[in-house]
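Hi,

Here is the structure I said I would pass on to you. Have a look at it first, and then read on for what turned up.

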Amino acid sequence: MAETPIDEMSFEDAIRELEQVVTQLDRGEVALEDSIKLYERGAALKARCEAKLKEAEEKVAQITLDANGEATGATPVEGL
């Protein structure tokens, strides 16, 4: 498994690797030390996915609508 820095991963890359980690841990064929490392990486990947989802939710929440419910633009979200 590639050791790409998690904070550089897209949501899609992080979720894909998280699925691989879960599969390896579910099989139970990984040595204890490796299982611990996998679990730690999996926890970090999960946090990255949650952060990327939160960013997306905040962006969607900032979309402005007109009286007819049509999107008219977006208000910048602070900190993003």
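Predicted model: local features only at pLDDT ≥ 70, side-chain atom pairs only at ≥ 80, totals over all residues.

Before the details, one term: a salt bridge here is a side-chain nitrogen of Lys or Arg within 4 Å of a carboxyl oxygen of Asp or Glu.

Now the overall picture. The protein has two helices and two strands, and along the sequence they come in the order α-α-β-β. There are 80 residues, and 18% of them count as buried. The accessible surface comes to about 6000 Å², with 52% of that belonging to carbon and sulfur atoms. If you take the contacts with a separation of 6 or more, 44% are between residues 24 or more positions apart.

Next, the inside. Which residues make up the largest nonpolar core? There are eight: Ile6, Met9, Ala14, Leu18, Val21, Leu38, Leu45 and Cys49. Helix H1 (11–27) and helix H2 (32–61) each supply at least two residues of this core.

You will find Ala14 in helix H1, and it counts as buried because its relative accessibility is 0%. Setting aside its neighbours within four places in sequence, Ala14 touches Met9, Leu45, Arg48 and Cys49. Met9, Leu45 and Cys49 are also listed in the core. For a sense of how the chain comes back on itself in space, take Ala14 and Ala47: they are 33 residues apart in sequence, and their C-alpha atoms are 9.5 Å apart.

Arg16 is also in helix H1. Is Arg16 buried, partly exposed or exposed? Its relative accessibility is 46%, so it counts as partly exposed. The side chain of Arg16 makes a polar contact with the side chain of Asp13, at 2.9 Å. From the C-alpha of Arg16 to the C-alpha of Leu45 is 9.5 Å, although 29 residues separate the two along the chain.

Ser35 belongs to helix H2. With a relative accessibility of 19%, Ser35 counts as buried, because the cut-off for that is under 20%. Apart from neighbours within four places in sequence, Ser35 is in contact with Leu25 and Val30.

Back to the salt bridges. How many are there? The count comes to five, and I will go through three of them here.

One joins Glu17 and Arg41, whose side chains meet with 2.5 Å from N to O.

Another is the pair Lys52 and Glu55, with the closest N and O atoms 3.5 Å apart. These two are three residues apart in helix H2, so about one helical turn separates them. Lys52 is partly exposed, with a relative accessible area of 23%. Glu55 is partly exposed as well, at 26%.

Glu58 has a relative accessible area of 27%, so it is partly exposed.

Last, the outside. Val60, Ile63 and Leu65 form a nonpolar patch on the surface, and together they have about 290 Å² of accessible area. Ile63 is found in strand S1, which covers residues 63–65. Ile63 counts as partly exposed, because its relative accessibility is 39%.

If you only have a few minutes, I would look at three places: Ala14 with its contacts, the salt bridge between Glu17 and Arg41, and the surface patch of Val60, Ile63 and Leu65.

Best wishes

Key
Residues numbered from 1 in each chain as written. Heavy atoms only, no water. Patch = residues over 30% accessible without salt bridge, like charges linked within 9 Å, V, L, I, M, F, W, Y side chains within 5 Å. Areas by Shrake-Rupley, 256 points an atom, 1.4 Å probe, with all protein chains shown as cover. Helix = DSSP H or I, 4+ residues; strand = E, 2+ residues; numbered from the N terminus. Buried < 20%, exposed > 50% of the residue type's maximum accessible area, 1.4 Å probe, protein only. Core = buried A, V, L, I, M, F, W, Y, C linked by side-chain atoms within 4.5 Å. Contact = heavy atoms within 4.5 Å. Polar contact = N/O pair within 3.5 Å; in protein donor to acceptor, adjacent residues only side chain to side chain.
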